[in-house]
Amino acid sequence: MTRLEDFPGDVIRRALRGGTFRLNVGRFSLRVSSVLPEFEAALGQLYAYYPVSVAGGAYDYDIDISPPSLARRWVRRNCLFRLSGDAPFLPMAVDHSHALFEWGLNWTIGSYAHNFLILHSAVVERDGCGVVLAAVSGSGKSTLAAELSLQGWRLLSDEMALIDRDLLLIPCARPVSLKNQSIEVIQARHPTAVLGPPARDTHKGTIAHLPAPKSSIDRNLETAKPRLIIFPKWSADATLRVAPVGSGQAALRLIDQSFNYPLLGRHGFERLADLVTVAEAWEIEYSSLDDATNALT
C-alpha cells in the first residue's frame with residue numbers, strides 16, 4: 001500500500017475533507033476526516049511513512065478532527081475529536097488538533113479493542129525480545145521508549161501493550177508523546193531528531209511528538225514475544241537501582257495499569273497470569289537514560 005508521503009498535498013486534503021482517507025496503523029484501519037490545515041500538516045509530518053489509501057474502503061474506526069460548528073472554523077477557532085459522530089471530549093485549540101487525535105485514538109483503542117488485553121505500557125523489542133515498559137504517567141516511560149527507539153530498538157507502542165490470545169505483543173507503533181522537560185532532553189541527546197509541532201498549554205503542559213522510526217512502521221504487522229516486564233521510574237539524582245519483581249506482585253501492578261482487565265473476566269486473568277509466567281519482571285529506578293538503556297541492554 002502507498003505511504004502518505006507518496007501523495008501530493010492536494011490529494012490528501014481532498015481525501016481528508018471528502019471522507020475517503022484511510023490511515024493504517026498496525027492492525028487498525030482508520031477513516032480520518034478533517035478540514036483543518038493545522039491537522040493536515042501535522043498528520044503529514046508525523047505519519048509520513050504509514051500506509052494510506054485515498055480511495056475509501058473498509059475501516060475499524062471513524063475519526064473526525066474538525067471544528068464543532070461552521071463558525072468555529074473561522075472565529076475563535078477550536079476543534080473536536082469525534083468518533084463515529086460522537087464527541088467524548090471538550091473542544092481544544094486548533095493547534096492542539098494533532099495531540100487531540102493521539103489522545104482520542106488512545107481512548108478509542110482502550111475503549112473498544114477488547115480482543116486484546118490492554119496495558120498502559122510502552123513496548124519495545126530487540127533481538128526478538130519484547131519488552132513491556134509498564135508505568136503510570138510521569139514515570140518517564142515515554143522518554144525511555146523514545147530514547148530506545150532512537151538507539152535502534154523497535155518501537156511497538158508508546159502508550160499501550162496489546163496482548164492477543166496467543167500471548168503475542170501486537171504492534172501499534174505511533175508517534176511518541178513527549179512532555180515538558182522530556183522534549184528538551186531528547187532534543188539535546190539527539191539533535192537530528194525531528195519532532196512534530198508542539199502543543200503548548202495543554203492539561204499536561206507542552207506536548208511534542210517524536211515520529212515512530214520508519215523501520216518500526218515497516219514492521220507494524222510483525223508480532224513480538226514478551227520476554228521482559230519492566231517497571232521504570234525516573235527520579236532526579238537517583239543512582240541506578242535494578243531489582244527483580246515476583247510474578248504475583250508483577251501481576252497486581254499490571255492489573256492496576258490495565259485498560260480492560262475487568263471486562264475480559266477469566267480470559268483476562270489467564271492472559272495476565274501467562275504473561276508474568278513467560279516474562280521476567282524487574283523494576284528500574286534511574287536518573288540517567290544511559291544507565292537505564294545499558295541495564296535493559
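Predicted model: local features only at pLDDT ≥ 70, side-chain atom pairs only at ≥ 80, totals over all residues.
An α-helix has 3.6 residues a turn, so residues three or four places apart point the same way. At the start of helix 9, the backbone nitrogen of D290 has a side-chain oxygen of S288 within 3.2 Å.

Helix 4 is mostly covered, with nine of its 10 residues buried. The buried residues are K141, S142, T143, L144, A145, A146, E147, L148 and S149, a list that includes the charged residues K141 and E147. Just after helix 4, G152 adopts a positive phi of about 100 degrees.

Strand 16 contains I284, which is buried at a relative accessible area of 5%. When neighbours within four places in sequence are left aside, the contacts of I284 are I230, F231, P232, K233, L240, R241, V242, A295 and L296. Between I284 and T297, which are 13 residues apart along the chain, the C-alpha separation is 13 Å.

Side chains of opposite charge can pair when their charged atoms come close. E283 forms a salt bridge with R241, in which the closest N and O atoms are 3.0 Å apart. E283 counts as buried at 18% relative accessibility, whereas R241 is partly exposed, with a relative accessible area of 36%. E283 also meets the side chain of R253 in a salt bridge, at 2.9 Å from N to O. Here the link runs between distant parts of the chain, from R253 in helix 7 (residues 247–256) to E283 in strand 16, 30 residues apart. R253 is partly exposed, with a relative accessible area of 26%.

The structure holds 19 salt bridges. One of them joins the side chains of D62 and R31, at 3.1 Å from N to O. D62 lies in strand 4 (residues 61–66) and R31 in strand 2 (residues 28–34), so that the pair links distant parts of the chain, 31 residues apart. D62 is buried at a relative accessible area of 17%, and R31 is partly exposed at 21%; the cut-off for burial is 20%. Elsewhere, E125, R154, R219 and E222 are linked in a network of salt bridges.

D164 presents another case. This residue lies in the loop between strand 10 (160–163) and strand 11 (176–179). D164 is buried yet has no salt bridge, and R27, the nearest side chain of opposite charge, is 5.2 Å away. The side chain of D164 does reach the backbone nitrogen of L168, at 2.9 Å. Not counting residues up to four places away in sequence, D164 touches F116, I170 and R271.

As for the chain as a whole, there are nine helices and 16 strands. Buried residues make up 54% of its 297 residues. A compact globule of 297 residues would have a radius of gyration near 19 Å, and the 19 Å of the chain agrees with this. Taken along the principal axes, the C-alpha atoms fill a box of roughly 55 × 45 × 35 Å. Among contacts between residues at least 6 apart in sequence, 72% join residues at least 24 apart.

Notes. Residues numbered from 1 in each chain as written. Heavy atoms only, no water. Polar contact = N/O pair within 3.5 Å; in protein donor to acceptor, adjacent residues only side chain to side chain. Helix = DSSP H or I, 4+ residues; strand = E, 2+ residues; numbered from the N terminus. Buried < 20%, exposed > 50% of the residue type's maximum accessible area, 1.4 Å probe, protein only. Salt bridge = Lys/Arg side-chain N within 4 Å of Asp/Glu carboxyl O. Contact = heavy atoms within 4.5 Å. Rg over C-alpha atoms; globule rule 2.2 N^0.38 Å.
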